[in-house]
Amino acid sequence: MSRDPEARLRVLVIDEEPIRASILEEGLLTGGDVVVTRISEMHDLLARVAAIDPQVILIALENPSRDTLEQLLQVSRDGTRPVCLFVDQTDGAQMQAAIDAGVSAYVVDGLKKERVRPIAEMAIHRFNAFARLRRELEDARSQLADRKVIERAKGLLMRSRRIDEEAAYRLLQRTAMKQNKRLAEIAQSLVTAAALLDETDP
Amino acid sequence: MTVHRPPPEQAHLRIGFIPLLDSAVLIVARECGFAEREGLSLDLVREISWANIRDRAIVGHLDAAHMLAGLPIASTLGIQHLRVPMVAPMALGIGGNAITVSTPLYEAMAAAGLRAAGGPHASGAALARVVRQWAAAGRPPPILAMVYPVSSHNYELRYWLAASGVDPDRDVQLVVIPPPLMVDALETGRIDGFCVGEPWNSLAESAGAGHVVATKAELWPLSPDKVLGMRTDWAERNPNTVAALVRALYAAAGWADDPANHEALAELLARPEHVDAPAACFRRALAGRFGTGPEGGTHTIADFIGFHRYAATFPWQCHALWLYAQMVRWGQIAHSAAAAALARATFRPDLYRAALAGGDAAIPLADSRIIGGTTEPMAVAATTGTLVLPPDRPFDGTVFDPDRLDAYLAALDAGALPA
């Protein structure tokens, strides 16, 4: 089935985070009749926006070029004032959702709200998915680091107090509970203290 | 303190700021115990762009923020964005920014007759000659950056250009760049000049990327730049918190304005979690010391920045109306008596007075005054005797009478400003 290219929605994604940009692009493409262009480079923004001629721009909230973009949109369109999608007077809740997700979107011509809303919802959803992904990755990293430091602390206790592995672990656990701290924190302070006391390794 | 103060409704506040010299009052309030003394703990959130400050204030991520003086007015009027009523119960200082041009543009201006430390008249005239030369040679117009469409920087730059015979919408290209990115844009030649708050002008000078050709204090003495801004509904729900915050910031402003504390203040601002720029730049800016051009001389601009002197924290309603008049002048909003009244009421001297009542602060009794009405020092009636302010006439000699707004706007339409 051939599609009229004019009917497709032109979406520009501006993001310095390549992984998030591609997650966003994929999501938008599976969502329907959309042409997505991605840019990360902010130089010469006006010329590039003019060449791409997007109807919707999605940009990360924390992107430092958001002020620049807003002003460009205000001066570059004669007569038609751009509308910020998430600042429609009735859309306070959606704007809150967008800000929580870290996404900001700008509608650059008189596009119907019904066409833009699914795009915006997809963007919020995808930004959240990316944030979750990154959080999980960080959690996994810190768990691995925790395990390593606990192993080292156990080894130190086993050598200096001549106890077995299980007793060393229980000792760490009891101390953590008594001091109301995480096991990994107690292990880390033991490893740090041992390094300070060890003359061969200042 | 002998006056009984009701406790704040909300003791822990999230306050946004942009890394600039004039975020000093907020930083000092937290770091030097002034907030704590009023029963407040401040969580200062650094943002990179004014759009972020605006959006986070609107949805309630921030309780209050370091705002461009025009921002709460624009938000109340719904200029270029959502209409969300905001108030400014106090200003965060006077002055504090400057116009810097790149070294190549400075050289062109020098060739067009600009002498060292020529002041805003001479630099404006030199720029006008360069603009005409470039146009005649078929070169694209200079690109000048400011920080936000409703910033005092935008209005100041446009005021200076227009008074110098340069049309800000036709003879130059104006772009927006957030303050921390200005120096890089100038160094890499993407822009030819900018108007921004300190320390970014001093940093450009010390990097050899540009030269200051006009300061806000020369263009319009005693003029406002940043305010403490917040949503009106939040301020109404938390009157005691607002009052406590105003008192904390008023005391912090007094500390920050004292030259005896400037060394400590420069170190405080330089910290990575605050503005993250060399302390030397803050020392120079606090003293108002700028370069005079490529020969390497320096000169001092009187009252380049003030945090507390001359009622610097008082939210003058004539300042709100002056900003509103510039919004009308440059086509950001159509003038109406209703819009002017809303703009004026965004600045809240009543909240300021209520917060500081019973203390020893000298607070102006009037909400408004004529700007530039005299070239002599002005005596302003205050709660404790009289305040004497230096003359504040803008550099082009234009007087702004807030009660004759229509005449001012009509004169702008006719292409001339009332003297």
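Predicted model: local features only at pLDDT ≥ 70, side-chain atom pairs only at ≥ 80, totals over all residues.
Local features need pLDDT of at least 70 and side-chain atom pairs count only at pLDDT 80 or more, while totals for chains, interfaces and linings use all residues. Residues are numbered from 1 along each chain as its sequence is written, with chains lettered from A and ligands numbered from 1 in the order in which they are written.

In chain A, helix 5 (residues 113–161) and helix 7 (residues 183–197) have axes that come within 8 Å and cross at roughly 55°. Helices here are DSSP runs (H or I, at least four residues), as are strands (E, at least two), numbered from the N terminus. Axes are lines fitted to C-alpha atoms, for helices over the stretch in contact, with angles from 0 to 180 degrees between N-to-C directions. Helix 5 and helix 7 of chain A are therefore oblique to each other; angles under 35 degrees count as roughly parallel, over 145 as roughly antiparallel, 65 to 115 as roughly perpendicular and the rest as oblique. Residues making this contact include Ile150(A) and Leu156(A) from helix 5 of chain A, and Ala187(A) and Val191(A) from helix 7 of chain A. Contact is taken as C-beta atoms, placed from the backbone, within 7 Å.

Where the chains meet, chain B puts in 21 residues and chain A 15. Helix 3 of chain B gives the most to the chain B side, with six residues.

On to the cores, meaning sets of buried Ala, Val, Leu, Ile, Met, Phe, Trp, Tyr and Cys residues joined through C-beta atoms within 7 Å. A residue is buried with 20 or more other C-beta atoms within 10 Å of its own, exposed with 12 or fewer, and partly exposed in between, the C-beta atoms being placed from the backbone. The largest nonpolar core has 144 residues, of which Val25(B), Leu249(B) and Ala252(B) touch the most other members. Helix 12 (residues 239–257) of chain B is its top contributor, at 13 residues. A second, separate core of 31 residues includes Val11(A) and Phe130(A).

Glu198(B) and Pro199(B) are joined by a cis peptide bond, with omega about 15°, and Pro199(B) sits in the loop between strand 9 (193–197) and helix 9 (200–206) of chain B. Arg162(A), not a glycine, has a positive phi of about 50°; Arg162(A) is exposed, with 8 other C-beta atoms within 10 Å.

How values were computed:
Contact = placed C-beta atoms within 7 Å.
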